[in-house]
Amino acid sequence: MTWRATVLTLFPEMFPGPLGISLAGRALAAGLWGLEARDIRDSATDRHRSVDDTPAGGGPGMVLRADVLAAAIDAVDGADRPRLVMSPRGRPLTQARVAELAAGPGPLIVCGRFEGIDQRVIDARGLEEVSIGDYVLSGGEIAAMALIDACVRLLPGVMGRLESSTEESFSAGLLEYPQYTRPQIFEDRPIPEVLTSGDHAKVAAWRQAEAEALTRARRPDLWALRPAQITGPKSESRKTPKNKTDG
Ligand code: SAM
């Protein structure tokens with residue numbers, strides 16, 4: 001069955017948005033994945049079609065109602081699909097979780113707005129809270145798009161070459177090595193000589209060393225997750241095996 005994302009949002013007109021362009025957009029048009037954006041407001045029951053109310057206990061802003069959102073979730077088919085809610089309080093999204101989601105049937109994704117969502121619907125419907133970073137967006141739609149885009153590029157047939165995803169940042173628990181292309185010299189900066197040597201083994205070793213150095217310098221948290229035998233000072237220069245650790 002085709003992988004599909006179902007998004008519950010107050011702004012369905014935001015979709016497909018950037019997901020309708022370039023790689024994801026071509027794959028969408030080709031039927032390699034599916035996207036359905038549903039309006040949460042369609043599940044409102046009063047004549048004003050209200051979806052939110054003031055926070056219990058007081059405070060600023062409005063909160064999405066549990067009953068309206070539960071009805072919207074229950075109207076979506078596919079009980080076996082992962083049910084996510086985009087939230088700055090959620091577990092940070094990783095490439096490992098993206099790969100799991102891409103390998104499944106495709107998620108249902110709830111997009112919050114206002115101050116957030118009534119906790120009871122998160123608990124009652126077992127929603128997995130997912131964050132895309134330690135900052136606050138005004139709504140979950142852009143976060144959902146980021147998650148969907150990351151999944152779609154891993155779907156079979158979407159990317160041209162398999163290597164494109166297996167060598168890039170996070171796939172081997174490392175950041176990616178630097179990339180270069182023509183011209184050979186840009187503002188007195190030549191392409192590193194090894195990359196034009198034609199020696200594939202040397203190129204691979206250089207890339208591995210660069211990836212390790214970048215990861216150590218920029219993401220000590222990721223580096224620390226690598227297996228103990230390759231993080232010790234004695235073995236730092238050794239060529240390391242790839243692993244599936246991700247952060
Ligand atoms: N009051 C909430 C808090 O402090 O945690 C923030 C609510 S935010 C203004 C509205 C919605 O944007 C959230 O319910 C969530 O769906 C989405 N959102 C904001 N930042 C996000 C992030 N970093 N990752 C994922 N979703 C986010």
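View 1. About 30 Å³ of space lies in the largest cavity, a volume being the space filled by probe spheres set on the points, with grid points joined across faces, edges and corners. Its lining, made of residues that have an atom within 4 Å of a point, consists of Val 76, Asp 77, Gly 78, Arg 81, Arg 83 and Leu 108. By class this lining has 2 nonpolar, 1 polar and 3 charged residues, with Ala, Val, Leu, Ile, Met, Phe, Trp, Tyr, Cys and Pro counted as nonpolar, Asp, Glu, Lys and Arg as charged, and the others, Gly among them, as polar.

The model is predicted, and local features need pLDDT of at least 70, side-chain atom pairs count only at pLDDT 80 or more, and totals for chains, interfaces and linings use all residues. Residues are numbered from 1 along each chain as its sequence is written, and side-chain values use heavy atoms, with hydrogens and water left out.

**View 2. The largest pocket and its lining.** The largest pocket holds about 700 Å³ of space, a pocket being an open set with protein on both sides within 12 Å along at least five of seven lines. Among the 36 residues that line the largest pocket, Arg 113, Phe 114, Glu 115, Gly 116 and Ile 117 are the closest to its centre. Two or more lining residues come from each of strand S4 (63-64), helix H2 (66-74), strand S5 (83-92), helix H4 (119-124) and strand S7 (128-131), where helices (H or I, at least four residues) and strands (E, at least two) are DSSP runs numbered from the N terminus. Strand S5 gives the most, with 5 residues, and the lining of the largest pocket divides into 17 nonpolar, 10 polar and 9 charged residues.

**View 3. Ser 87 in strand S5.** Ser 87 lies in strand S5 and is buried, with a relative accessible area of 11% (buried is under 20%, exposed over 50%, partly exposed in between, with a 1.4 Å probe and protein chains only). Leaving aside neighbours within four places in sequence, Ser 87 is in contact, that is, has heavy atoms within 4.5 Å, with Glu 129, Val 130 and Ser 131.

**View 4. Cys 111 and Cys 151.** The structure holds 0 disulfides, a disulfide being a pair of cysteine sulfur atoms within 2.5 Å. The sulfur of Cys 111 is 14 Å from the closest cysteine sulfur, in Cys 151, and is therefore too far for a bond.

Conventions
1 Å grid on protein atoms, 1.4 Å probe; cavity = no way out; pocket = protein on both sides within 12 Å on 5 of 7 lines; lining within 4 Å.
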